[in-house]
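The entries below follow the order in which I looked things up.

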Amino acid sequence: MRRPVLLTMAAVMAMIASGCSQAAPSPGPQIVVTTNILGDVTRQVLGDQATVTTLMPPEADPHSFEISAQEAALMGDADLLVSNGLGLEEGLQQHLDRAAAAGVPMLAAGEVIDAVPYNSGDAEGAPDPHFWTDPAAMLSVVNAVEAAASKIDGVDAGKLATSAAAYRAQLAELDAEMTTAFAALPADRRALVTNHHVFGYLAKRFDFQVIGAVIPGGTTLAAPSAADLRQLSEAISSAGVPTIFAESSQPDRLVQVLASEAGIDVEVRELFTESLSRPDGEAPTYVDMMRTNTQRIVQGLSP
């Protein structure tokens, strides 16, 4: 049974101020997803059986993006609300808590995977929310989305099983491609450095070593100290890291400073680590994102 829309006073005032009446909801089940990576995965699993609304825009930062009052209201009327969890959506937590309290069916993807803890930095020991860097972990997410969607009125179980199986096949192919590509890198070329700690799952799955991060924590909202940058510079020099990677959703100023002023000679390459690109970009889908990143990591670390 569909619940009535939970309109906050802010949502009502926003609609009055804009002079617009509330748009009629799209037909069929309504699924709201916080991040654009999970939004793409959810669409792939559901096919055309539901309207999937993704809150996070392309090329945004999942740690800090904000939503409108109307989007917050959509969360309260969803047939399913899919989030990353594990503390990733720091700016949305109050909205997620409010939706859960209102009885909205919830799926936190971080609760269905085998979480890997951060092994260094300010967040050491806490569960790492960046599980999508391992496509095998995303198979567990696909299974959970399929199971949750199968309980929604109006979703055909047969069609759902077919679309979910087709997407699992895509992820298996992606995983095989990444395994083959990374196998070409010698052991002394498997050190990763990026803006902040985002590669823990990829490193564990494909046998890389995470040397460090410019921001020594699990969130982009923190800031490094001079001592942090000096320590990282020493680690990079010691490991002979040829390339450090800047995230597409964040300015790479600190990475460029580290590369140009810390007395080390390294290349800086951009990766799509926390957000998809726009549709006309190089990472419009999760599978595209991982293929692009794999190619750039191999190019950046190859002898």
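Which strands does helix α2 lie across, and at about what angle does this helix run to β2? I kept in mind while looking that this is a predicted model. I found that α2, which spans residues 36–46, lies across β1, β2 and β3 and runs at about 175° to β2.

Next entry, the sheet under that helix. I traced four strands that form an open sheet with parallel pairing, and I noted their order as β2-β1-β3-β4. The edge strands, each pairing on one side only, are β2 at 51–54 and β4 at 106–108.

Then I went back to α2 to look up its packing on α6. On the α2 side I listed Asp40, Val41, Gln44, Val45 and Leu46, and on the α6 side Leu160, Ser163, Ala164, Tyr167 and Gln170. By class, I have this contact down as six nonpolar residues, three polar and one charged.

How do the axes of α6 and α10 cross? For α6 (residues 157–183) and α10 (residues 286–301), I found that the axes come within 10 Å and cross at roughly 0°, and the two helices are therefore roughly parallel to each other. From α6, the residues that meet α10 include Tyr167 and Gln170, together with Leu171, Leu174 and Met178, and among their counterparts in α10 are Tyr286, Met290, Arg291 and Ile297. I recorded eleven nonpolar, two polar and three charged residues for this contact.

Last entry, strand β7. Is this strand, at residues 243–247, largely enclosed or open? Five of its five residues are buried, so I wrote that β7 is largely enclosed by the rest of the structure. Both faces are covered, with Thr243, Phe245 and Glu247 buried on one side and Ile244 and Ala246 buried on the other. I also noted that β7 pairs in the parallel sense with β8 (residues 267–271) over five bridges, and that Val268 in β8 stands opposite Ile244.

How values were computed
Residues are numbered from 1 along each chain as its sequence is written. This is a predicted model: local features need pLDDT of at least 70, side-chain atom pairs count only at pLDDT 80 or more; totals for chains, interfaces and linings use all residues. Side-chain values use heavy atoms; hydrogens and water are left out. Two strands pair if DSSP finds at least two bridges between them. Contact means heavy atoms within 4.5 Å. Axes are lines fitted to C-alpha atoms, for helices over the stretch in contact, and angles run from 0 to 180 degrees between N-to-C directions. Buried means under 20% relative accessible area, exposed over 50%, partly exposed in between (1.4 Å probe, protein chains only). Angles under 35 degrees count as roughly parallel, over 145 as roughly antiparallel, 65 to 115 as roughly perpendicular and the rest as oblique. Ala, Val, Leu, Ile, Met, Phe, Trp, Tyr, Cys and Pro count as nonpolar, Asp, Glu, Lys and Arg as charged, and the others, Gly among them, as polar.
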